[in-house]
Amino acid sequence: MRFSVPGPRSLAGQLFAMQAVLIAVVVAGYALFTYVSDRNQAEEAAARQARAVARSVADSPSVLQAARTSDPSAELQPYALKVMRDTEVDFITIMDPRGIRWTHPDPDQIGQPFRGHTAKALKGETFDETYTGTLGPSVRAVTPIQDGKEIVGLVSAGIRVEEITQRVQGQLTALLGVAAGALVLGAVGTYVINARLRRHTHGMNASELSRMHDYHQAALHAVREGLLMLDGQYRVALINDGGRELLGVAGDVVGRSVAELGLPAPLTGALLASEPRVDEVHLTASRVLVINTSPVSGGEQRGTVVTLRDVTELQSLMGELDSERGFTQALRSQAHEAANRLHTVVSLIELGRAEEAVEFATAELELAQALTDQVVAAVSEPVLAALLLGKTAQANERGVELMVSEDSSLDDGLLPESLPSRDLVTILGNLIDNAVDAAQGSVRARVTVAAYTQDTEDPEALDDAPELVLRVSDTGPGVDPEHAEAVFQRGFSTKPAGPGGRGLGLALVRQAVHRHEGTLSVSEAGGGGAQFEVRLPLRESGAVAEGVTSGTSVSRGAGGDA
């Protein structure tokens with residue numbers, strides 16, 4: 001025969017069983033306590049009733065007068081029976097000082113000695129006791145009948161214990177009914193509460209909930225992506241290690257409002273928004289984050305779940321990819337132009353104008369070489385030189401002339417390893433793209449780029465390390481002074497949004513500049529356009545010091561007319 005071992009009950013089932021047992025024990029204990037208490041009170045009440053009846057009989061003048069007669073029983077027996085019926089006591093015994101009964105509910109007991117104690121009464125005291133007499137156990141009171149100081153008789157009144165028990169049992173029956181009703185009501189309430197609890201715990205028992213919590217904690221801290229949970233008041237309810245790292249927060253932030261975390265205003269606004277956000281790009285001091293927010297609701301706003309992904313490296317790679325794509329487009333454009341020139345040279349040769357073909361080809365070669373020589377002579381750092389050549393070709397396609405200022409002087413090997421070329425491409429590439437966008441369509445559209453090093457101009461600097469200065473000017477409409485700070489925030493743009501969105505380039509520039517403890521400013525250029533200037537400290541010695549010594553390091557003005 002096989003026996004099935006029942007599995008562990010759900011947490012709600014365990015609580016229901018425990019609460020039902022607890023209610024039953026409490027009700028049973030209260031019933032027992034009430035029964036004992038009511039019995040004691042009933043016995044005390046019976047004793048008080050017996051004392052009162054006994055004293056009333058003993059103080060009656062007719063009783064005193066009858067006690068002086070030769071046959072007290074003749075008058076006192078009817079009187080005692082009448083008082084018994086009126087006061088609802090079980091017996092009233094009137095006796096002489098020796099204890100011989102004058103009255104008794106059983107007439108056969110008249111003339112017999114009283115069963116009980118009378119010593120205290122013979123001393124003039126009234127007392128009560130529980131004693132077993134002819135009617136069984138009873139609670140009785142004994143008091144003297146006095147004529148002045150003389151004791152001429154005794155009175156005993158009592159109530160049988162059986163009668164007291166019947167009174168208590170009647171109360172106990174009512175108590176048990178109330179207790180049963182309380183138990184049923186408590187059980188129903190407990191069942192309703194635990195049914196609700198079962199819905200919330202999905203019928204899982206305590207061990208399953210504990211195991212789920214352990215899995216939850218392990219998964220929460222294992223994922224590299226950031227996870228942030230906010231309550232209905234937009235306070236941090238939960239944050240994992242990835243979220244702390246991506247948001248740059250430390251310490252105990254649980255319970256604090258999102259507005260108190262010191263995050264950038266656009267990011268704080270996104271976290272405080274009630275509507276969902278999907279793959280929205282935001283910048284912190286050193287990272288580019290993609291956030292997704294989803295409200296948690298169940299008839300009311302209960303909170304928000306926020307996921308964070310770090311796309312800093314991806315954004316940088318995308319910037320490099322855009323630059324490479326620009327180079328490719330520039331090469332394709334140059335190849336197209338070269339094909340046109342080659343066709344022209346071939347046509348001139350076919351027409352027998354060989355000398356003119358040579359002159360045309362030579363002039364084109366000299367023009368291209370002059371442009372390359374100009375850029376390389378000013379900026380021999382290979383990454384920046386390649387960037388400038390590519391941007392020049394792109395700008396020419398859009399009808400914008402891109403010039404490298406004569407003041408530019410940046411030798412190869414000058415930049416330290418702490419300033420990677422990727423960040424320089426991000427900074428200078430976005431500044432040039434922004435300037436070309438602004439200058440396009442203007443009269444004599446032009447963008448001027450200056451790149452050089454100089455000694456720091458900050459008198460409060462801790463060291464005298466040189467600075468890398470990157471300055472980009474354009475002939476566009478310029479920047480409104482009221483927007484001088486807002487122009488660097490993500491999402492700000494005076495142009496309509498394109499497929500990829502706008503307002504991210506200058507925000508990335510500022511992020512990269514701040515990451516290298518540099519400065520970024522915008523002002524009005526000489527020709528009325530905008531002039532963006534970046535200053536980055538070069539804190540590594542060695543090649544930097546030699547480069548500054550051999551290169552030009554004096555303070556320069558803006559190159560060319562903006």
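These legends go with a handful of close-up views of a predicted model. Local features are given where pLDDT is at least 70 and side-chain atom pairs only at pLDDT 80 or more, while totals for chains, interfaces and linings use all residues. Residues are numbered from 1 along each chain as its sequence is written, and side-chain values use heavy atoms, with hydrogens and water left out.

View A. Strand 2 (residues 127-133) and strand 3 (residues 136-147) run antiparallel and are joined by seven bridges. Strands here are DSSP runs of E, at least two residues long, and helices are runs of H or I of at least four, numbered from the N terminus; two strands pair if DSSP finds at least two bridges between them. Two residues sit between the strands of this hairpin. Look for Phe127, which stands opposite Val142 in strand 3.

**View B. The largest cavity.** Searching the whole structure turns up one cavity of 30 Å³ or more. The largest cavity holds about 90 Å³ of space. Its lining includes Phe91, Arg101, His104, Phe114 and Arg140. Strand 1 and strand 3 are the elements that give two or more residues to that lining, and strand 3 gives the most, with three. On a 1 Å grid over the protein atoms alone, a cavity is a set of points where a 1.4 Å probe fits but cannot get out, and lining residues have an atom within 4 Å of a point. Points are joined across faces, edges and corners, and the volume is the space filled by probe spheres set on them.

**View C. Two loop residues with positive phi.** Most residues other than glycine have a negative phi. Glu88, in the loop between helix 3 (72-87) and strand 1 (91-95), has a positive phi of about 60° without being a glycine. Tyr234 also has a positive phi of about 60°, this time in the loop between strand 5 (226-231) and strand 6 (236-239). Which of these is buried, and which exposed? Glu88 is exposed because its relative accessible area is 59%, whereas Tyr234 is buried because its value is 17%. Buried means under 20% relative accessible area, exposed over 50%, and partly exposed in between (1.4 Å probe, protein chains only).

**View D. Helix 13 and what follows.** Among the buried residues of helix 13 (residues 505-515) are Leu506, Leu508, Val509 and Val513. Just after the helix, Glu517 takes a positive phi of about 60°.

Terms used. 1 Å grid on protein atoms, 1.4 Å probe; cavity = no way out; pocket = protein on both sides within 12 Å on 5 of 7 lines; lining within 4 Å.
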